[in-house]
Amino acid sequence: MDNVSNVKTFVLLGFNETMNFRVPLFIITLLHYCVIFFFNISLVLLIFFDENLHEPMYIFLSSFCINALYGTTGFYPKFLSDLLSSFHHISYEGCLLQAFIMYSFASCDLSILAVMAFDRYLAICRPLHYHSFMTKRRLSQLVCFSWLTPFCIFSMNILLTSRIKLCGINIQRVLCLDWLIVKLACPEVNTFLKNIGPYATLIVYIFHGFFIIWTYTHLIKTCARSREDRVKFMQTCVPHLTSLIIFLFVMVFQSIYGRFDSPDSSRSFQNFIATEFLIIPPVMNPLIYGFKLTKIRNRILTSVYLNRK
């Protein structure tokens with residue numbers, strides 16, 4: 001690596017293999033981003049304008065969609081502009097900002113899923129206490145928790161990363177991620193400084209995972225005793241569980257591949273693995289909830305029918 005003590009810009013080497021098909025890739029990516037934007041903004045607006053959907057479950061869903069817009073906007077516009085450019089540079093500050101957006105987006109998804117699991121636990125396992133507990137104030141606190149927790153954690157992570165002395169400027173992907181920046185650290189950098197952030201984050205989100213497992217253990221026990229609760233579980237919990245499985249599959253696969261990254265694999269495959277959390281969940285989640293949640297599905301079908309008339 002180059003001996004760089006004061007990095008001003010990074011070079012995104014992940015674009016090197018895209019030069020021969022960058023126009024088709026640009027068109028496909030632009031269409032995919034438009035689909036993500038349309039699906040998520042449609043659900044947010046549908047929930048916002050329909051007073052019948054002003055319930056905690058749908059408020060959390062709109063927060064979920066807003067987070068998808070936040071995360072994808074932190075990647076796709078820059079990626080699209082780089083596809084049309086011969087120079088694939090990103091400023092040091094821009095790289096740190098993008099890394100912050102990517103990690104806070106992914107972690108916010110898990111925080112929202114944890115809050116949604118808690119909401120379903122209360123609605124099905126503690127129905128008599130649901131409305132007295134899930135007040136507007138409590139709802140606001142849970143939404144703030146799901147956003148502020150990852151924002152605070154990754155603000156500290158990025159602050160720690162910014163204090164690391166770097167000895168390279170070449171990032172081997174098409175976007176900036178915290179671990180890719182840390183890989184450029186000089187050999188003499190204290191490993192504790194490099195690892196404290198990821199380990200602290202891991203501990204926090206392991207607790208999130210255990211909490212989700214705990215809520216679903218109680219949900220399944222409760223639903224096994226009642227046909228009505230089983231119907232409610234199928235209608236409202238299955239979409240949440242599907243989103244959770246997709247999220248965990250994508251993130252676990254990415255983490256394992258990132259840890260045991262093979263130098264023999266193609267750059268295109270490496271880029272796909274690095275960005276799959278921005279490709280699959282943002283477009284799948286609104287489809288899953290839109291088709292499965294009865295109120296949203298009926299509202300969409302009603303709107304389509306009225307427009308045809």
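**Ground rules.** I am working from a predicted model, where local features need pLDDT of at least 70, side-chain atom pairs count only at pLDDT 80 or more, and totals for chains, interfaces and linings use all residues. Residues are numbered from 1 along each chain as its sequence is written, and side-chain values use heavy atoms, leaving out hydrogens and water.

**Core.** I looked up the largest nonpolar core and found 87 residues. Such a core is a set of buried Ala, Val, Leu, Ile, Met, Phe, Trp, Tyr and Cys residues joined through side-chain atoms within 4.5 Å. Buried means under 20% relative accessible area, exposed over 50%, and partly exposed in between (1.4 Å probe, protein chains only). F10, I171 and F277 touch the most other members. Helix α4 (residues 92-125) gives the largest share of this core, 23 residues. Helices here are DSSP runs (H or I, at least four residues), numbered from the N terminus.

I then listed the contacts of F277 (heavy atoms within 4.5 Å). Beyond four places in sequence, F277 meets M102, F105, A106, L177, V250, M251, Q254 and P282.

**T72.** I found T72 in helix α2 (residues 56-73). Its relative accessibility is 0%, so T72 counts as buried. Its contacts beyond four places in sequence are Y33, I36, P77, L278 and P282.

**Rings.** I got 18 aromatic pairs, taking rings of Phe, Tyr and Trp (its six-membered ring) with centres within 6.5 Å. F15, Y33, F75, Y76 and F79 make one cluster.

**Salt bridges.** I found two in the structure. The test is a side-chain nitrogen of Lys or Arg within 4 Å of a carboxyl oxygen of Asp or Glu.

K78 pairs with D82, with closest N and O atoms 2.5 Å apart. The two are four residues apart in helix α3 (residues 76-83), so about one helical turn separates them. K78 is partly exposed at 24% relative accessible area, whereas D82 is buried at 5%.

D119 pairs with R120, and their closest N and O atoms are 2.9 Å apart. Both D119 and R120 are buried.

**E276.** I checked this residue in helix α10 (residues 267-279). E276 is buried but has no salt bridge. The nearest side chain of opposite charge is R173, 11 Å away, with Lys and Arg counted as positive, Asp and Glu as negative, and His and the chain ends not counted. Beyond four places in sequence, E276 contacts V250, F253, Q254 and P281.

Definitions and conventions
Rings of Phe, Tyr and Trp (its six-membered ring) pair if their centres lie within 6.5 Å; planes under 30 degrees apart count as stacked, over 60 as edge-to-face and the rest as tilted.
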